[in-house]
Amino acid sequence: MNNSSCPLVNFDFTKRFLPPAYILVFIIGLVANGWGLKSLLHNWKKLKIVNVFVLNLGLADILYLLTLPFLMVYYILTEKWIFGDTFCKITRFCFNLNLYGSIGFLTCISVYRYLAIVHPMRVMGRITVTHSVGISVMVWLLVSIQSLPDMFYSKTSGYKPVQCYDSTSNVYVEDYLKYSLGWTLTGFCMPFLITLGCYGHVIVVLCRTNTTDKVLKQRSLKLLLILILLFSVCYIPYHVLKNLSLWSRILRKQNICREWSNGVYIAKQISRGLVCLNSALNPLVYLHVSEDIPARLRRLLQRARRMFNHQPPTNSSSVAMAQITYEGVTQEK
């Protein structure tokens, strides 16, 4: 439908939805990732190959979580960015590092588990901690190179209240859509297909082999379910709706209105809340990849259970004990 002017998009939903979502993710993510990283660093001397990827996954989460308080202030102040254009770009850059760094390290974990389970004799002794550190550095470099062009796009508006765009202003939205589509292909689609292929083959091998350790099979199946949850809830909706929203903005800029444009905007804001949820869900990966962290968690729960069960005697029990003592003394007399 072509109109000379399009109806206004409902921006109020963003102000109501994102701040509570950011607060929840900040609290849960900071506690969970802090505890997970502390457990990994506590056993630094026993650091294994896969734990290096888990450690970098946690660092990517912490990096993004530290920027959330500034975004909370931004949306609480009715989308008025008060921290300057440079820090707006840094904040969005940290988000991209977290998002695509998380996808990259989850892919590395999937590939390593695939090699360790499907081709154990080929990789035994050939992949070391030094190799995993080098691969982690490469992931950080690739993600940084992919995210760097995003910082050259305009991120703040020139009028008041000043906005901090997660993409760019309408002036450059056509070019940004092309960049976003290429970014989605290389930063999300390809790692997703690699992860899906690795764990699909792993599950087939584990189901066909009767001699496989049951604990290993259960842990692999649980990790597959966690990855499916992360991709289906956090990553897939965000990338689909991000590009669809950019296309909708281009149409609106050309005064081509679509009935679904307002719904796409609201759905995109929901996906932004869900994609930051990955920083709170990634610690679940710790529990099914590292062998030390689940053991520490079980000990912590057992200690809490013992403390809960060890209750002081009640007043009634104290009176009963005193009565028994008194009767014993009376009988002796």
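**Exercise 1. How are helix 2 and helix 6 oriented relative to each other: roughly parallel or roughly antiparallel?** Keep in mind that you're working with a predicted model.

*Solution.* 
- Start with the axes: those of helix 2 (residues 49–65) and helix 6 come within 8 Å and cross at roughly 30 degrees.
- Now bring in the cut-off: angles under 35 degrees count as roughly parallel.
- Helix 2 and helix 6 are therefore roughly parallel to each other.
- One more detail is the hand, and the crossing of helix 2 and helix 6 is right-handed.

**Exercise 2. Work out which residues of helix 2 and helix 6 meet, and sort them by class.**

*Solution.* 
- On the helix 2 side, look for Ile49, Val52, Phe53, Asn56 and Ala60.
- Their partners in helix 6 are Val129, Ser132, Val133, Ile135, Ser136 and Trp140.
- Sorted by class, the contact of helix 2 with helix 6 has eight nonpolar and three polar residues, and no charged ones.

**Exercise 3. Find the disulfide and say which parts of the chain it ties together.**

*Solution.* 
- Quick reminder: a disulfide is a covalent bond between the sulfur atoms of two cysteines.
- Here the sulfur atoms of Cys88 and Cys164 sit 2.0 Å apart.
- Cys88 is in helix 4 (residues 85–118), while Cys164 is in the loop between helix 6 (129–147) and helix 7 (173–208), so the pair ties together parts that are 76 residues apart in sequence.
- For the geometry, the angle about the S-S bond is 95 degrees, and the link of Cys88 and Cys164 is right-handed.
- Both Cys88 and Cys164 are buried.

**Exercise 4. Decide whether Cys94, Cys198, Asn255 and Asn262 are buried, partly exposed or exposed.**

*Solution.* 
- You need two cut-offs: buried is under 20% relative accessible area and exposed is over 50%, with partly exposed in between.
- Cys94 has 10% relative accessibility, so Cys94 counts as buried.
- Cys198 also comes out at 10%, so Cys198 counts as buried too.
- Asn255 has a relative accessible area of 36%, which means Asn255 is partly exposed. You'll find Asn255 in the loop between helix 8 (214–253) and helix 9 (261–276). Its backbone is worth a look as well: phi of Asn255 is near 60 degrees, a positive value in a residue other than glycine.
- Asn262 has 27%, so Asn262 is partly exposed. Asn262 lies in helix 9, and its C-alpha is 9.3 Å from that of Ser245, 17 residues away in sequence.

**Exercise 5. Describe the surroundings of Met72.**

*Solution.* 
- First, find Met72 in helix 3 (residues 68–76).
- Then check its accessibility: at 12%, Met72 counts as buried.
- Skip the neighbours within four places in sequence, and Met72 is in contact with Tyr22, Ile23 and Phe26.

**Exercise 6. Step back and summarise the whole chain: how many helices and strands does it have, and what share of its residues is buried?**

*Solution.* 
- Count the elements: there are 13 helices and zero strands.
- Then turn to burial: 44% of the 333 residues in the chain are buried.
- Last, consider contacts between residues at least 6 apart in sequence. Of these, 82% join residues at least 24 apart.

Conventions: Residues numbered from 1 in each chain as written. Predicted model: local features only at pLDDT ≥ 70, side-chain atom pairs only at ≥ 80, totals over all residues. Heavy atoms only, no water. Disulfide = S-S within 2.5 Å. Helix = DSSP H or I, 4+ residues; strand = E, 2+ residues; numbered from the N terminus. Buried < 20%, exposed > 50% of the residue type's maximum accessible area, 1.4 Å probe, protein only. Axes fitted to C-alpha atoms, helices over the stretch in contact; angles between N-to-C directions. Parallel < 35°, antiparallel > 145°, perpendicular 65-115°, else oblique. Left-handed = near helix turned anticlockwise from the far one by under 90°. Contact = heavy atoms within 4.5 Å. Nonpolar A, V, L, I, M, F, W, Y, C, P; charged D, E, K, R; others polar.
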